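Please view the sequence and model below before reading on.

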Amino acid sequence: MKKQQAPLFDRVIHFFANLKLAVFIILAIAVISAVGTIYEAVYMEAEVAQKLVYNSVYMYTVLAMLSLTLIAVMIDRWPWKQHHAGFVLAHIGILILLMGAWMTKEYGVDGSMAFNIGEERKYVTVKDRDLMVFASFDGQGMKSIFESPVDFLTHPPSEKNPYIVQLGSDQMKFTEYYHFAYRDAEIMPSDLERDGPAIRIQLENANVNMTEWIRRESKVNMRELDLGPAKIVLANQVLEPTGRNEVVFISRPKDAKLDYIIYNKDKTLRKKGTVAQGDTIDTGWMALKVRVLRYLPRSKEIVTYSKAGYFTPVTTSAAKFSFRGQDYWIGVNSVLRLFIEDTAYVVSYGFRQIELAFPLRLTDFKVGMQEGTERAATYESKVDVPGKGNVLISMNEPLHHGGFTFYQASFEKDETGRPMISILSVNHDPGRWVKYLGSFLIVLGSIVLFYFRRVKWLSNLKNLASQGDAETKHQERP
Amino acid sequence: MIKFILLPLLLLASTAFAQVGEPINGLPIQDAGRIKPFGTFAGESLQLIYGKKKYEDKSASEVVFTWMLVPDHWLTLPLIEVRHAGLKEALKITSTEKHFSAQSLFSNERVPLILQELNTIRTRQEKLNPYYQAVQRLENQLGLFQAIRKGEALRFVPDPASDKWKSVPELQGDAQAAFMKMSKGFVDSIAADGGKNPKPSEEFKSAVTEFIAVARAQAPEKYANMTKIGWEEHLNKFHPFKWAWIAYLLGVICLTFNYFSPRKSMNTASWIFLALGFGLHTYGMILRSYLSGRPPVTNMYETVVWVPWGSVLFSFILERVQKNKLLLMCSATVAVFCLILTDLAPTVLDSSIHPLEPVLRSTFWLSTHVLIITISYAAFFLAFALGDLLLFFYLKDEKKYAVQIRNGTMSIYRALQIGIVLLAAGTILGGVWADYSWGRFWGWDPKETWAFIALMGYLALLHGRLAGLVKDFQLACGAIISFALVIMAWYGVNFVLGAGLHSYGFGAGGVEYVTGFVVLHLLYVAYVSTVRYTRQNSQSK
């Protein structure tokens, strides 16, 4: 068959069917994969290794060469004989596996959903990021004026090579990106009418010493912070007790003093009064004192980002852009509001949300502990699925519904350590059965291959034994 | 309360005592998420705090039990092991000493500061460097020592109202009385004969039985399965893996004699020893699996026991087919090496049975893929040892040992084939497991990735052989070099890279030894290659 082909085709086939090239490709795959694991270890994050190594041009080039080699070597060995069965099966298996992997990458969804108990969700968060800009020109509704997927990790913006968002005649110019950044927020006095109050509270007794800021936007009625022994609330009016030991501060605009009211766990009133900055309230609970270290009737939060060397659970990603002569930083999954002249802009940068065809509601979430310890042993979510009712999702027992699979991935605790937020990993994988077929063929092929090799080897062995000390021949062809 | 009554008695008797702890070895205790015999708990606690499973000539259960009974006595003895030189410097304690008294550490004003630093790093959730790992160990040592001294860590009695068992200070009524009686029996046994020849008295033994009955009566459905406890006690005492390596070693010796002067009796003896070693090895693993309720491949220690078992098994099978005694010699050496290692490096290869992390529980695919991947390592380990031996033959005289080399090469080739099929299958099943557990067939998790890299290494070797790049000599070298990839997948991912989904098993230590092992072998390959190359050059001239 191949003799009838054009000489060029023949030469290409021969080039790619070369076993030495195959050895090189196999080693290249090994080396690139090893580099990937080192990236992951250094940056402590899988996404970096994924995007910069495993999905890099180098890896794709090598995999493309691998595919060509696999095809070429099978053409080169044509017509196949019986002892080629294993080699052909294994090599076709690898090609099918690669195809399945490609289908997963192109058409699959790999994301997650997080809900509080009782909450209903319809969106799956995936790792891809979108940049969106909304504007309100007339002070009325917000209109989307820009929307695009961005990948600053693979294509980092710089002064030389900025990422430009064209907004009419204006432009937002992204010039810097920290994949790992520490977010530092500083609360400062403000003189703008629209900014809300903030207090810095110290909670102290023989065992406890905590200092925290609480800040409330003026449009929000109350903000609360659970400090363990007591809950601290900053509100704009007197609130009803909620059944915790709580201290409620009520701020009044343009007043340097705060009212406070203290409730017991049993919802009875403990104490009330007025304090100024620097005053201390004796709560009487376990000799606990609450000190108002700072009080700002009008406050603003200045957020800055500093570069971190690698991932930790407190790092985030952030990008810098300039707009109308001023620089701004925006963190991932956050929203930035800019008021420029008469126009209000909202810039949003965050993970893409994919809408499901149906909502899920978390009705219950439980964590089982290893006996006698505080270490989680099992976790399970009860989820209300339309048309299916309450379904239990636990570790290794996922829910399959509407083309998606929902796995119990992890959970988050609230301030008191109670498990509150269940995190499901959500997955749609059209390449699954293709990959399984490929895998099956690879394993089957290897077994067949080595079986035939053994038969061949045994006959070689007999020959050798009769020939005496002849040098073994290695150049067998598969 | 109990302590005060017993204190005077014990002060008499805190000197030399031998096996008084025997009867409480099998006392069930709840600790770290499971119920275990007190002997296990005491051994693990002493290992953490003191760095050994024995204190001078005293058994762990005796020592640990007296921490609670005479807490003040133990405060001043050098008991707490601190090894990290940097930590000793930071604490300003003698750098030549290894053990320090709890009192000196409790009163050391630097300790709280250093622990505070550790906490800061923990809240930032950063990776701990070896120094902070040492600080963390110190924190655990001091914490556990205190908890045992106060009896808080000693949870002997189930609580019908809670999952947590009751600790010694929480005991009331019957249970408290029975505990006091038992403690008194213990103290009397030590003090008997003026403390010269201590052994457990009959009263003590019956008091222990009585206490177990009282404890069980508190919440019978929650109490320990005494059969299991008994088997675990037996495992601790009998230590089958130690006997296994001794038998294997005798087997290797017989094989060596037999190699130089073949004799039928020697041959038979070698088979008997190897079979005995393999039997004990198997017995120990079955016992551990029964106790932990899972296949014996969930941590480093277990795999270091399991992999040589596979090597021996493969060598038995291949020896039947290929009639190559070198296979047995190599696999038994691998087994001796690994099993001795489990005894020598207890901090890296922690033999305690821990409950599993949630994601690792109860799946068929998990057990299957890990068993298959690790058993492929066994085949590669066998090929590696054969490679070592063949290089030795090459170094000696290639012509003279031509037969051994040819047979050895075939054994290597066959072992590599077995390994490759198993590693490919295991890696793919790992994908099936990941898909089943969290919907990701392949997520480039470092552990799986390194198994894949090792697979690529061996595939390159076999394809190189087909391409004519790899001849017999290079195959032997390749079997050694590629095994470095297996070591990386097996050990390096957990202890060197320390990232990714498989972080449940992460520990520290031993990196310098393992690196040394790999480097020495690479140097060996380089040396033999050079010698062989110069030899061939001079011959061709």
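## Terms and basis

Helices (H or I, at least four residues) and strands (E, at least two) are DSSP runs, numbered from the N terminus. Two strands pair if DSSP finds at least two bridges between them.

The model is predicted: local features need pLDDT of at least 70, side-chain atom pairs count only at pLDDT 80 or more, and totals for chains, interfaces and linings use all residues. Residues are numbered from 1 along each chain as its sequence is written, chains are lettered from A and ligands numbered from 1 in the order in which they are written, and side-chain values use heavy atoms, with hydrogens and water left out.

## Strand β19 of chain A

Strand β18 (residues 334–340) of chain A runs antiparallel to β19(A), joined by seven bridges; Leu338(A) has Tyr345(A) as its bridge partner in β19(A). These strands form a hairpin with two residues between them, and Glu341(A) in the turn has a positive phi of about 50°.

Strand β2 (residues 120–136) of chain A is also antiparallel to β19 (residues 343–369), through 13 bridges. There, Leu131(A) lies opposite Tyr349(A).

## Contact between chains A and B

The contact (heavy atoms within 4.5 Å) involves 63 residues of chain A and 62 residues of chain B. Two salt bridges (a side-chain nitrogen of Lys or Arg within 4 Å of a carboxyl oxygen of Asp or Glu) cross the interface. In one of them, Arg432(A) meets Asp435(B), with the closest N and O atoms 2.7 Å apart.

On the side of chain B that touches chain A, α17(B) gives the largest share, 14 residues.
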